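Subject: Structure for you to look at

Hi,

Here is the structure I promised to pass on. Please open it first, then read my notes below.

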Amino acid sequence: WKNGENHLVFNMISGTAPDFSTVVELQLGNAMIAGAGFDTYTFRENFDVSLPVFSPVAKLAEVKDTSHDRSWLVTSSQLNIDPYYLNELQKLSHQYHESLLILDACHNRNYSQRCDVNSGQKYAYPEILQETIFCIIFRGERMSQFVLLEAMAANCIPVVVIDGHVMPFKNVIDWKHFFCFHNGRPLEYSDGCAQ
């Protein structure tokens, strides 16, 4: 073991209830960690490897035809989001009901189905993400979320609302290139942002 030197430890879902800590709860010494759910306090720059949380349903969201128009501007499809964020989204949906879709689990708790929190209408998931331009991703109990990989598979532009999260493959992907700014303000999609 030699205090973990020249070892790589995979930590795909770190932490246990109730705090879901982002720190591996083992004595790792000098071992590298490849895993999902790092935050800026636990990630060792140029040493650890940040991975996405694997989603077995992401392949269902893969887009074959990118030429079709998308029905929704913004979708929130993450399960069990913080009630504060859900409340804020619901307030926005009253004003922007034509462009904001808020989905949560249906009563049957089938992961491949989501229901509109306002109307109760059912949608096939993750296929509905193919009909959306922007997908909102919040922090849940854990830092990383399945919905990031699902949104990216659907060519839905992720809007990540998580402080301190280390994005997957941060050492090789400059995630700032996925966001657009103009004179200090975000560009609108119609201005050519992220096309």
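First, a definition: a disulfide is a pair of cysteine sulfur atoms within 2.5 Å. In general, a disulfide is a covalent bond between the sulfur atoms of two cysteines. Keep in mind that this is a predicted model.

How many disulfides does the structure hold? It holds two. Counting the bonded cysteines along the chain, the pattern is 1-2, 3-4.

Start with C106 and C115. A disulfide joins them, with 1.9 Å from S to S. The angle about the S-S bond is 105 degrees, and the link of C106 and C115 is right-handed. Are these two cysteines buried or exposed? Both C106 and C115 are buried.

Now turn to C135 and C156. Their sulfur atoms lie 2.0 Å apart and form a disulfide. The link of C135 and C156 is right-handed too, with 110 degrees about the S-S bond. Where do the two cysteines sit? C135 is in strand β8, which covers residues 132-138. C156 is in the loop between α2 (146-153) and β9 (157-161). The two are 21 residues apart, so the pair links distant parts of the chain.

Is C135 buried or exposed? Buried means under 20% relative accessible area. C135 has a relative accessible area of 1%, so C135 is buried. C156 has 2%, so C156 is buried as well.

Then look for C156, its disulfide partner. After that, go to C106 and C115, the other joined pair.

Best wishes

Terms used. Residues numbered from 1 in each chain as written. Predicted model: local features only at pLDDT ≥ 70, side-chain atom pairs only at ≥ 80, totals over all residues. Heavy atoms only, no water. Buried < 20%, exposed > 50% of the residue type's maximum accessible area, 1.4 Å probe, protein only. Helix = DSSP H or I, 4+ residues; strand = E, 2+ residues; numbered from the N terminus.
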